[in-house]
Structures are given as C-alpha cells and as structure tokens.
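Please look through the sequence and the model below, and keep both in view while reading.

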Amino acid sequence: MSRKSFAQTTPEIADYVIDLFQPIDAALCEIINTSERAELPGIQVGPMDGRHLEILARAVAPLHIIEIGTLGGYSGLCLARGLQPGGTLSSFEKNEKHARIAEENLKKAIGEESLDVKFEIYVGPALDNLTKVEHKGPFDLVFIDADKPNYSHYFKWAEKNLRIGGMVIADNTFAWGEVHKAEEKTGNDKKMVGALAEFNLILAQNPNFRGTIFPTEEGLTVGVKIK
Ligand code: SAH
Ligand code: DHB
Ligand code: MG
C-alpha cells in the first residue's frame, strides 16, 4: 500500500494556494458583488473550485458547454473562459431572477474580456429544457450544480449527450461532509446526501467513465467519458 494519502489537511497550505493563485479576479469579484446586491444566495462555487472549472475547461477546449444551475453567472464565467473561440455556454436555471442577474453579469464580463463566445440561459426546470438542446449535441463538457436530488438524472443526460473524451463535473459531492454517512441520514438530509452519494456511485461504477473526486472543501466530482 502507498503511504501517500489523498486530501490536503493543513489549513495553512490551503491559504498558501489561495494566496498564490488569487482566484477571485476583478470580474469574478464584480459578479459576487452584483449577486449580493440583488440578494441572490451566496452559494456560487468556492474560489478555488472556480479556478478548477476554468482550468478543466481550458484543458478540454470545449466548443459547447452545458451548465446546470446558473445562479449569478460566477461558475459560468469560469467555464466560458475555457471555451474555444466561437464556442457556446448553454446554462440552465430554474429561477427567473437568478437568470436575469446572470444574463447581465455574463454579458458584461464576456464583453469586457472580449471573449469570442456566446451564451444562452434556459429558464425553467433543467430536466425539461435539456431535452430541447439535445439536437445541438454531442457536448464537450457538462457541469452539474443545481438541485441535488436530480444529480443522477443529470448524469444520465450527460452520459447520453457527451462526446467521447468529454467531461462531466459536479459540485458539492461531499454533501457538506456527510456523503460517507448517507445511510444514517433521515428526511430531507437523506434525500440530499443520498442523492449525492448515488451520483458518485453511478459515475464510479459506470464503465463508460473514468472518474475521481477532487478533494476540495465541497468535493468536485470529475469524470471523463472514455467510451
Ligand atoms: N453554478 C452556480 C451556482 C448554482 S447554485 C455558480 O457556481 O455560480 C444552484 C442553482 O440551481 C440556483 O440558482 C437554483 O435556482 C438552481 N436550480 C435549482 N433547481 C433547479 C432546477 N431544477 N433546474 C435548474 N436550475 C435549478
Ligand atoms: C449550497 C451550496 C451549493 O454549492 C449549491 O450548489 C447548493 C446549495 C448550500 O450551501 O446550501
Ligand atoms: Mg454548488
């Protein structure tokens, strides 16, 4: 057995990394601020997870990204930065107000950065609207960050609609530090934690995917479609 472990447990090292890479730049800071002023919940991806999204997107070099759960557009901007020129971000958001704020935020940031990309926000429950874009696929990257009970449904959609070599990413897959205790949970906790555990399980056991979880605070599951 390797003596090498997995997650980083020295808080000072986490501080060091954040200090080193300064993951919240002016444009991302502006999205946080406008979202706060509009009283959106402050549940955008963590600063380093935003950077991870950008890095992963740049590595995949996608032409078409699907994002499920737009909020104010913070993760959307991170992902859009990794699009190839002429690429598209299609983001799905149930809440009309979130979608409206994200539309303004993304339009401004993409313009100011002169990114040669398009974005579209589909307002409504994601599962209803995803079927409407299937004909535009297959897609290169799917980021899942909306209602946790539907994560497995979103994964099944991604399995069907990603190209081989495409990537699925999901936020919050440590279920607030409880994912390993899904069996013990009851009520709404069971629904949320159980759904996230189920999502990780179906990805881990799917022979068409190679997966891992980046051990960030929230847990960022990443899978590549290999066949
Ligand atoms: N990805 C965003 C954060 C998303 S928070 C970021 O990091 O910047 C989760 C979002 O999912 C919320 O805006 C919520 O309104 C939305 N949501 C919840 N249920 C949904 C559903 N069924 N379909 C689409 N969006 C949903
Ligand atoms: C919460 C955080 C998230 O990243 C998310 O996608 C949904 C909810 C939360 O902390 O409640
Ligand atoms: Mg999240």
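Leaving aside residues up to four places away in sequence, K160 touches E134 and K225, where contact means heavy atoms within 4.5 Å. K160 is found in helix 7, and helices here are DSSP runs of H or I with at least four residues, while strands are runs of E with at least two, both numbered from the N terminus. With a relative accessibility of 60%, K160 counts as exposed, given that buried means under 20% relative accessible area, exposed over 50% and partly exposed in between, with a 1.4 Å probe and protein chains only. From C-alpha to C-alpha, K160 and F139 are 9.7 Å apart in space, although 21 residues separate them in sequence.

This is a predicted model, in which local features need pLDDT of at least 70 and side-chain atom pairs count only at pLDDT 80 or more, whereas totals for chains, interfaces and linings use all residues. Residues are numbered from 1 along each chain as its sequence is written, chains are lettered from A and ligands numbered from 1 in the order in which they are written, and side-chain values use heavy atoms, with hydrogens and water left out.

Is T173, by contrast, buried or exposed? At 0% relative accessibility T173 counts as buried, and its place is in the loop between strand 5 and helix 8. Not counting residues up to four places away in sequence, T173 touches Y151, V179, L196, F199, N200, I213, E218, G219, L220 and T221. With T221 there is also a polar contact of 2.7 Å between the two side chains; a polar contact is a pair of N or O atoms within 3.5 Å, and within protein one must be able to donate a hydrogen and the other to accept it, while residues adjacent in sequence count only if both atoms are side-chain atoms.

The metal site comes next. Which residues coordinate the magnesium ion (ligand 3)? They are D145 (OD), D171 (OD) and N172 (OD1), at 2.0 to 2.2 Å, where donors are N, O and S atoms within 2.8 Å of the metal (3.2 Å for Na, K and Ca), and water is not among the atoms, so sites may look incomplete. Along the sequence, the donor residues of this ion follow the spacing D-x25-D-N. D145 lies in the loop between strand 4 (139–144) and helix 7 (151–161), and N172 in the loop between strand 5 (162–171) and helix 8 (187–204), so the pair ties together parts that are 27 residues apart in sequence. Both D145 and N172 are buried.

Ligand 1 is surrounded by 21 residues, of which the closest are G69, S75, E93, H98 and D145. Ten residues of its shell are nonpolar, seven polar and four charged. An oxygen atom of ligand 1 is 2.6 Å from an N or O atom in the side chain of E93, and a nitrogen atom of the ligand is 2.8 Å from an N or O atom in the side chain of D145. Of the 580 Å² of accessible area that ligand 1 has on its own, the protein covers 91%. Helix 4 (74–80) and strand 2 (87–93) are the elements that give two or more residues to this shell.

Some backbone details remain. Most residues other than glycine have a negative phi, and most peptide bonds are trans. G137 and P138 are joined by a cis peptide bond, with omega about 0 degrees, and P138 lies in the loop between helix 6 (126–133) and strand 4. E39 has a positive phi near 60 degrees and lies in the loop between helix 2 and helix 3 (47–60).

Key. Near = heavy atom within 4 Å. Areas by Shrake-Rupley, 256 points an atom, 1.4 Å probe, with all protein chains shown as cover. Nonpolar A, V, L, I, M, F, W, Y, C, P; charged D, E, K, R; others polar.
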